[in-house]
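Student: I would like to go through this model with you. Could we take it one topic at a time?

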Amino acid sequence: MPETKTHIDRYQYEFRSAGTENVAILYLFDDENNLLAMAAFVDGQDPLPGPKESPSGTVTLTWRRNDLPAVIDMLRSEAPVSFAWSSEAQVARITTEEEPIGEEEYKSFWQLLFG
């Protein structure tokens with residue numbers, strides 16, 4: 001199956017304490033409130049498990065805890081942001097669309113000056 005790519009409409013994240021481990025979990029939703037992906041952000045040196053798709057179609061993936069601020073920044077600062085998944089290659093991505101260099105910075109500068 002080829003890669004599917006869906007715009008992320010909403011997200012939620014939480015910090016969870018479970019037994020001896022603390023984990024940050026990020027939930028990504030489409031515009032119909034379907035859960036696209038659940039990403040766990042963990043500490044440690046162990047190899048990370050690869051992404052997996054549940055029977056319901058939700059992809060679970062694991063990243064390092066120090067990646068969480070960059071992902072949250074992307075979700076807050078960029079638009080549009082999409083979740084892409086290839087079940088054949090077992091590759092999951094959170095990605096922006098192509099954007100001209102300086103586009104948002106230019107808009108912000110003129111909005112600041114002329115409101």
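Predicted model: local features only at pLDDT ≥ 70, side-chain atom pairs only at ≥ 80, totals over all residues.

Student: In which sense do β7 and β8 pair, and over how many bridges?

Tutor: β7 and β8 pair in the antiparallel sense, over 6 bridges. Two strands pair if DSSP finds at least two bridges between them. Residues are numbered from 1 along each chain as its sequence is written, and side-chain values use heavy atoms, with hydrogens and water left out.

Student: Which sheet has β7 and β8 in its order?

Tutor: They belong to an open sheet of 3 strands with the order β1-β7-β8 and antiparallel pairing. Its edge strands are β1 (4-7) and β8, each of which pairs on one side only. On average, neighbouring strands of this sheet are turned by 20° against each other, direction ignored. Axes here are lines fitted to C-alpha atoms, for helices over the stretch in contact, and angles run from 0 to 180 degrees between N-to-C directions.

Student: What packs on that sheet?

Tutor: Helix α1 does, touching β7 and β8, and its direction makes about 45° with that of β8. Contact means heavy atoms within 4.5 Å.

Student: Let us stay with α1. Which of its residues are buried?

Tutor: In α1 (residues 68-77), the buried residues are Leu68, Val71, Ile72 and Leu75. Seen down the axis of α1, they fall within an arc of 95°, so they line one face of the helix. The arc is that of the directions from the helix axis to the C-beta atoms. Pro69 and Ala70, on the other side of α1, are exposed. Buried means under 20% relative accessible area, exposed over 50%, and partly exposed in between (1.4 Å probe, protein chains only).

Student: And what covers the buried residues of α1?

Tutor: The cover includes β2 (10-18), β3 (21-29), β4 (35-42), β6 (59-64), β7 (81-86) and β8 (91-96).

Student: Which residues have the most contacts inside the largest nonpolar core?

Tutor: Ile8, Leu26, Leu28, Leu75 and Phe83 have the most contacts inside that core, which has 19 residues. A nonpolar core is a set of buried Ala, Val, Leu, Ile, Met, Phe, Trp, Tyr and Cys residues joined through side-chain atoms within 4.5 Å. β3, β4, β6, α1, β7 and β8 each supply at least two residues of this core. Apart from it lies another core, of 5 residues, among them Val23, Ile25, Tyr27 and Val42.

Student: What does Ile8 touch?

Tutor: Not counting residues up to four places away in sequence, Ile8 touches Leu28, Phe29, Leu36, Leu75, Val81, Ser82, Phe83 and Ile94.

Student: A change of topic. How do β3 and β4 pair?

Tutor: They pair in the antiparallel sense over 6 bridges, and the bridge partner of Leu26 in β4 is Ala39. β3 and β4 form a hairpin with 5 residues between them, and Asn33 in the turn has a positive phi of about 65°.

Student: Is the pairing of β4 and β6 parallel or antiparallel?

Tutor: β4 and β6 pair in the parallel sense, over 6 bridges. Ala39 stands opposite Leu61 in β6.

Student: How many aromatic pairs does the structure hold?

Tutor: The structure holds 3. Rings of Phe, Tyr and Trp (its six-membered ring) pair if their centres lie within 6.5 Å; planes under 30 degrees apart count as stacked, over 60 as edge-to-face and the rest as tilted. The rings of Tyr11 and Tyr13 have their centres 6.4 Å apart and their planes at 10°, so the pair is stacked. For Tyr13 and Phe15, the centres are 6.0 Å apart and the planes at 80°, so the pair is edge-to-face. Tyr11, Tyr13 and Phe15 form one aromatic cluster.

Student: Is Phe15 buried or exposed?

Tutor: Phe15 counts as exposed, at 56% relative accessibility. Tyr11 is partly exposed at 28%, and Tyr13 is partly exposed at 32%.

Student: Finally, how many helices and strands does the chain have?

Tutor: The chain has 2 helices and 8 strands. Helices (H or I, at least four residues) and strands (E, at least two) are DSSP runs, numbered from the N terminus. Buried residues make up 28% of the 115 residues in the chain.
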